[in-house]
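Here are my notes on the model, as numbered points. Please keep the structure open while you read them.

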Amino acid sequence: MAPSFDDSISLFDFVVHKGNGVKGLVDSGIEKVPERYIQPSSERIDKLVLGSYEHSSPIDLSKLDGPDHDQVVKAIVKASETLGFFQVVNHGVPVDLLESLKEAAHKFFAQPPKTKAAYLKGVSPSSLVKYGTSFAPDKEKALEWKDYVSMVYTTDAEALEHWPKECKEVALDYLKSSTRMVTRLLEILFGNLGVKLDDSKLESLTGLKMVNMNFYPACPNPELTVGVGRHSDMGTLTLLLQDGIGGLHVKLEEDVLSGKKEEWIEIPPCPGALVINVGDALQILSNGRYKSAEHRVRTTNNQSRVSVPIFTVPRPTEKIGPLPQLVERDGEARYREVSFEEYMNNFFGKAHEGKKSLDFAKTN
Ligand SMILES: O=C(O)CCC(=O)C(=O)O
């Protein structure tokens, strides 16, 4: 018979401390989600209440090198100024590598809990690798229905030495084959603001890179849970591979001018595409011109979903504030300058709560 997990403390110990994760919980044979995973009704995700977004077709980056260059730039800028999310194809990451990444993610999470638990915080043999579940379990009233492994990049040699063997090669190939694209997108976005950043500045703004693998087991009660709660990413740009299952939802803010109310829309899975989204650091640097996007993930009851984000984040030693040229033009700084290390500590020190992470850098 499946264990009941009615006692919240033993559930927490099993899932979080012992490293069984949500996957271990599901494998134990539960038939309904334990209390600790039930979201307040305000956070539950109603699959049926979804808006549609007119600019959802992927942007073909190969056209940057042809006669449609200006149109492609316009599409990237517009998406970054409005939704903060867009999808790209012909991005330079081989499509068969995308398939291998999804397989590697399934392979990593299919391992026995003990093998994965070797990478739990506090016991992981390397500070570059962390396996865990939910975002901030100690701080969350309801846990997120997600396990993850996070791999920090320093050098190729260290990645190959320390990252888990089930996924290290593909994860490193993914990172390396996407780096040029991310830099190019940033050059376009800053260029559109009339700012040219030299290579060393661009490197400082993207110098911390993490490849994560997320695993969302099939959930007996998707209507009561979230895979990931509402949040924006803290970094500069995030790139994300999602599988074909769907469930990534993004908030389209209310548009006061047109009178359109806020709504959630889905970023539909698209074969061969990668999802790009603006992070808080880029919103701050652009003095609010580009929007970090509030997003969340719904769970499903029949299949386990995987996704593989790469977070490109400023170096922790970097000071982040609105670029001076933009402050001069806008006549005000909408954010104060912050040490990115402090920004990160604040971000990881709290449960997900929409775009509240940005308050840390707001001027008023
Ligand atoms: O799985 C996804 O689609 C999104 C993941 C995400 O938002 C995150 O890892 O922060």
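1. Lysine 251 has tryptophan 264 in S9 as its bridge partner. S8 (residues 248-252) and S9 pair in the antiparallel sense over 4 bridges; two strands pair if DSSP finds at least two bridges between them. Strands (E, at least two residues) and helices (H or I, at least four) are DSSP runs, numbered from the N terminus.

2. This is a predicted model: local features need pLDDT of at least 70, side-chain atom pairs count only at pLDDT 80 or more, and totals for chains, interfaces and linings use all residues. Residues are numbered from 1 along each chain as its sequence is written.

3. An open sheet is formed by 4 strands in the order S6-S11-S8-S9, with antiparallel pairing. S6 (228-231) and S9 (263-266) are at the edges and have a single partner strand each, so one side of each lacks a neighbour in the sheet.

4. Helix H7 (residues 168-192) has 25 residues and reaches 36 Å from its first C-alpha to its last, close to the 36 Å expected at 1.5 Å a residue (1.5 Å times one less than the number of residues). After H7 comes glycine 194, with a positive phi near 75 degrees.

5. Among the buried residues of H7 are Tyr174, Ser178 and Phe190; buried means that 20 or more other C-beta atoms, placed from the backbone, lie within 10 Å of the residue's own.

Notes
Buried ≥ 20, exposed ≤ 12 C-beta atoms within 10 Å, placed from the backbone.
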